[in-house]
Amino acid sequence: MSWDNERIDMNVYSQGEVDRWVYSTCNLCSVGCGCHIAVKDEQIVGIKGNAEHPINRGRLGPKGENQWYANGSPDRLLTPLIRNPQGELAPATWDEAMELIVSKVKISQKEKGKNSISIYSTGQGFLEDYYTIAKIGRAGLNTHLLDANTRLCTATTEFCLLQSFGADGTPASFDDVDQADTLMLFGHNVAETGTVLYERIMQRKKRTGKPFIITVDPRRTQTARSSDLHLQLIPGTNVPLLNGLINLILQNGAANKNFIEQYTIGYEEMAASVLEWTPARTAQETGIPQDLLMEAARILSDTSSLVTTTLQGAFQSADATTSCVAINNLHLIRGLIGKPGCGPLHMAGQPSSSANRTAGGVGTYPAHRNPMNPAHIEEMGRLWNVDPMLLPVGPEKGIEEQLEMMERGQIGVFWNIGTNPLVSLPNRRRAKTALDKVFVIVQDHFLTETTRVADVVLPAAMWGEKEGTMENADRTINLLRKAIDPPGQVLTDLQILLDFAKRMDFRDQDGKPLISYSTPEEAFEEWKRVSRGRPCDMTGITYDKLEQANGLRWPVNEAHPEGTPRLYTDLQFHTTPHYTQSYTKDQFTGRSLTQAEFASKNANGRAILHPTRYNPASERPDENYPLWLTTGRLVWHWHTRTKTGRSPYLQMAAPQGYAELHPEDADQYGIIDGELVRISSPRGWIEVPARISDVVQKGLIFVPFHYGSWEGNQAANELTVDFVDPLSKQPTFKHCACRIDKLRREHVVGGEETAADIAARYGLSLSSLLQANQLATPYEIQTGHTLEVPMSVLNVPIPPYLPSR
């Protein structure tokens, strides 16, 4: 492994020694760092890294070190709330809240049909919760409207894997990152989104000189600055870049012809789709100089081992699934998969969004079963002892499609669990209007922007207050032990779901309760039986074994009792029609193929190479909105700051939103550093301070997406488009058109006024007043002159995070 030493990071606030340390896993990003929770007087008072855990060897990122503060926040929700006739959320009993929910669900099913109930969950929950959602949703409610924040975050991971390999589950693991000669970070700002993984990479590079790092990103991030080659492309041009690189690899004679012939199908059509992407055309479309393209292609042609990671820069851009399929194509044509140091590692964003996909809490059925395959539906009927004819089938509906259903009156109840869609969804005002039309349940730890539209709010337990498992980005199943009881009347997500199932009186075919388990471990034992024989087989896992081994990568069964570092070592892919998780989709239109259409491909255990045609971004800069807008994450915060914003340290490091623009753009628009500006798109506007930096390229504005109360006008998703990828249905947050405007008053200089007087009157520094008016000295200001006065000027430094401490 990369780590050559352990380092136990710790953040504890306690008078005297802690009472006990409880085994757990970090509940923020998808890296999956092992940790121990500090407990004093039955309160969580801190955290330390687990030195024995191979993922992190005791290290924690800044978000992980500070996640425990939220547990003790004074504004925790401690009792259910129901919106009263005056429109206010008022305390209620659990009986009152749950009976209201049950009645609304039954009314909706009667009036609008079974498929009128939507459950929209989180990527920060436990596998046992997701499996229970799958069972309640499909076998109890008979609804197919199950989705999660995963749709916004990493849905493209799933769909690109289905397209190429026939099943979910990323082929490579962090072990392969440790062994690769070349690492391509494609739209993956690992220094900020996965700080411990970044440190792991850089520690090895410092010690050995490897891997050679290629970073693909429109911004010159910390990740890009520490790479060997930065491909700084124009937003929305991932597919042209990859097509151009693959074309050069083929021209270089680097294709592994024996591998292609034996283990893939579709090569000729794939190769034909990239022929037009000459170096000149690729450079023109992407903005990357030809010499850098040639150098990248040379490295990718010559390397003997390659891991390519992806994250939101790939998943939330135009042609998201096509881009990631192109990355799979690149690995397949080079034969760089299924062996040490090789393979695509399509990341997850949240700590357990992979588990949601695996357990069936979202689109597909549990354990990577195909909702289009009647045999798989019959198997689920047997496993759950329900009539398979009542189980919903067919393609899933993503959250954006569900919003359309709300607008058409087809959904009656929307149950939101552990996520904050009215900050995280694109074009969020449209989303709010849609949610206003339905009965909304919000299950959360705090009041959020989304509880503004809630009819019922259910207080849920947090990390450290419940037990269960999570699946991180590289298929590792980790265990989280319960450290303390939740406060007040708070229940765990699993307890709430089980109570709902009991009140709904869900039964199996023998008249017994549909859900017979009552604890997380019992739920996991049932899940294991459901996973048997599937790609994610976990029959060899127990809770105790997970704690002893510090996590295990699935499949874990008789054949792989210690887990599986990488998939497809036998080069047998999950593409036989009877076993595959998906019959795939048309790579260009997104239309789901039929079983017969898939069978006619004759893949039968071979990987599928797809053509990757370019579909330019639907919205591009024009004369009214002349700039690109992109959004992203900061090292100091997580998603909508529901938890990290309650850490004093993290909130102090990055207290508010801003707009980052290039110095040349700042000069062109006459904007000074820190002044309040308005960023507008065809959908809305925000007002934030300007942060002038060459991290962004000319013509691009970056806004962090973590911020956005309804009153604060800082939400990046006031601006973003709600276009989605045709295959994964993931929104394209990463680029739209925008404009930037100064927000200034005019001041006519009076006879007795000095420049310092004017600056003080408006709460500005003298230098800010002079810069705003392009004046070198205060003596240039004359009586009667009209000055432009910024509405405010606020310094917005973002302190660097240096993980190599």
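## Charged pairs in this structure

The side chains of E295 and R298 come together in a salt bridge, with N and O 2.8 Å apart. Keep in mind that this is a predicted model.

- E295 and R298 both sit in helix 14 (residues 290–302), three residues apart, which is about one turn of the helix.
- E295 counts as partly exposed because its relative accessibility is 28%, and R298 is partly exposed too, with a relative accessible area of 38%.

**A network**
- Salt bridges with shared partners join D175, D178, R200, D474 and R553 into one network.

- K466 and D129 form a salt bridge, their closest N and O atoms lying 4.0 Å apart.
- K466 is in the loop between strand 17 (456–459) and strand 18, while D129 is in helix 3 (residues 127–140), so this pair ties together parts 337 residues apart in sequence.
- Both K466 and D129 are buried.
- R151 and E396 also meet through their side chains in a salt bridge (3.8 Å, N to O).
- R151 belongs to helix 4 (residues 150–153) and E396 to the loop between helix 18 (374–384) and helix 19 (399–407), 245 residues apart.
- R151 counts as buried at 4% relative accessibility, as does E396 at 12%.

- The E471 side chain does make a polar contact with the side chain of T358 (2.8 Å).

Notes:
Residues numbered from 1 in each chain as written. Predicted model: local features only at pLDDT ≥ 70, side-chain atom pairs only at ≥ 80, totals over all residues. Heavy atoms only, no water. Polar contact = N/O pair within 3.5 Å; in protein donor to acceptor, adjacent residues only side chain to side chain. Helix = DSSP H or I, 4+ residues; strand = E, 2+ residues; numbered from the N terminus. Buried < 20%, exposed > 50% of the residue type's maximum accessible area, 1.4 Å probe, protein only.
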